[in-house]
Amino acid sequence: MVDRRELGMLPQHVEKADAAWAGAFPALSALEPDAQAVLRAQGVRMTVPRGTVLFRIGSLCHNFLMLLDGTVRVQMTAETGREIVLYRVGAGETCILTTACLMTRADYSAEGVAETDLEAIALGAGAFHELLARSAVFRDFVFASFGTRLLGMMMLVEEVAFGRIDLRLARFLVDHRDARGGLDTTHQTLAVELGTAREVVSRQLKEFERRGFVELSRGRVGVRDPDALLALERTDGV
């Protein structure tokens, strides 16, 4: 059974899983008939409101979530209060940390928050392990998702440990511009996204502003010269 209390949420809507997973997770289209029966019988489709904490550091994991729609932000907070976004889980994806916790029966080491309203299928730990043991298709799906996300985590570690903050910030600003050519964000939010201190981001933004690359105002960063920001990457090390 799915333990919704352990998810740290009270879903607005819960029902049995239907064929929605087939469209969201193409890799499961070849799922064996008996495995399909388990997923349909024991999977619970739920709607979760934005801002819900799905799991916290130190909590046990009893459910495998398969996201149908929306975004989950997975983040860590150090004892000093410094935060870093580890990754996001989107539609058609699963959470590597949840998978690891289920397979090792370890507690969560990070926090997961619903960044938007979510639709997901929750599969209890018992059903997850049953499918993992009985279904080659499900097993391949879980390990492929795990491996893909792990590569992304390794890239994040490399960027945080060795990447230049000016290049990472410049790329983030360019990649996340809205239709008005900027971002509604704060220096603290950018620091969390990049895994650095707010003071470091503020100092670098001030330098970008001095060079005419961006325009700063309260709660917004306007990108004035995206080509110049991207050129920083091309001239790196030259």
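User: At what angle do helix 3 and helix 4 pack, and how far apart are their axes?

Analyst: In this predicted model, helix 3 (residues 96-104) and helix 4 (residues 125-134) pack at an angle of about 85°, and their axes are 11 Å apart. Angles of 65 to 115 degrees count as roughly perpendicular, and that makes helix 3 roughly perpendicular to helix 4.

User: Which residues of helix 3 and helix 4 meet?

Analyst: From helix 3 come Thr-99, Leu-102 and Met-103, which meet Ala-125, Phe-128, His-129 and Leu-132 of helix 4. Sorted by class, this contact has 5 nonpolar and 2 polar residues, with no charged residues.

User: Turning to the sheets, in what order do the 4 strands of the open sheet stand?

Analyst: As a general idea, strands of a sheet pair through backbone hydrogen bonds, and the pairing is either parallel or antiparallel. Here the order of the 4 strands is 3-7-5-6, with antiparallel pairing in an open sheet. Strand 3 (53-55) and strand 6 (83-89) each have a single partner strand and stand at the edges, so one side of each is left without a neighbour in the sheet. From one strand to the next, the twist averages 30°.

User: How many bridges join strand 5 to strand 7?

Analyst: Strand 5 (residues 72-77) and strand 7 (residues 111-114) run antiparallel and are joined by 4 bridges.

User: Where is Gly-112, and is it buried or exposed?

Analyst: Gly-112 lies in strand 7. A residue is called buried when its relative accessible area is under 20%, and Gly-112, at 0% relative accessibility, counts as buried. When residues up to four places away in sequence are not counted, Gly-112 touches Thr-52, Val-53, Leu-54, Phe-55, Val-72, Arg-73 and Val-74. For Val-53, the separation in sequence is 59 residues, while the C-alpha to C-alpha distance from Gly-112 is 5.9 Å.

User: How many residues of strand 2 are buried, and which strand do bridges join it to?

Analyst: In strand 2 (residues 43-48), 5 of the 6 residues are buried, so the strand is largely enclosed by the rest of the structure. Strand 2 is joined by 6 bridges to strand 8 (residues 118-124), and the two run antiparallel. Gly-43 has Leu-123 as its bridge partner in strand 8.

User: In what order do the 3 strands of the other open sheet stand?

Analyst: Their order is 9-11-10, and the pairing is antiparallel. Strand 9 (182-183) and strand 10 (214-217) stand at the edges with a single partner strand each, so one side of each is left without a neighbour in the sheet. Strand 9 and strand 11 (residues 220-223) run antiparallel and are joined by 2 bridges, with Gly-182 opposite Gly-222 in strand 11. Helix 8 (residues 198-210) packs on this sheet, where it touches strand 10 and strand 11, and its direction makes about 125° with that of strand 10.

User: What is found in the loop between strand 9 and helix 7?

Analyst: Thr-185 is found in that loop, and at 12% relative accessibility it counts as buried. Leaving aside neighbours within four places in sequence, Thr-185 is in contact with Leu-190, Gly-219, Arg-220 and Val-221. Leu-190 itself is one of the buried residues of helix 7 (residues 187-194), together with Ala-191, Val-192, Glu-193 and Leu-194. Just after helix 7, Gly-195 takes a positive phi of about 70°.

User: What share of the protein chain is buried, taken over its 238 residues?

Analyst: Buried residues make up 44% of the 238 residues, in a chain with 9 helices and 11 strands. The protein chain exposes about 12400 Å², of which carbon and sulfur atoms supply 53%. Among contacts between residues at least 6 apart in sequence, 73% join residues at least 24 apart.

Conventions. Residues are numbered from 1 along each chain as its sequence is written. This is a predicted model: local features need pLDDT of at least 70, side-chain atom pairs count only at pLDDT 80 or more; totals for chains, interfaces and linings use all residues. Side-chain values use heavy atoms; hydrogens and water are left out. Buried means under 20% relative accessible area, exposed over 50%, partly exposed in between (1.4 Å probe, protein chains only). Contact means heavy atoms within 4.5 Å. Accessible areas come from the Shrake-Rupley method with a 1.4 Å probe; for residues, only the protein chains shown count as cover. Two strands pair if DSSP finds at least two bridges between them. Axes are lines fitted to C-alpha atoms, for helices over the stretch in contact, and angles run from 0 to 180 degrees between N-to-C directions. Angles under 35 degrees count as roughly parallel, over 145 as roughly antiparallel, 65 to 115 as roughly perpendicular and the rest as oblique. Ala, Val, Leu, Ile, Met, Phe, Trp, Tyr, Cys and Pro count as nonpolar, Asp, Glu, Lys and Arg as charged, and the others, Gly among them, as polar.
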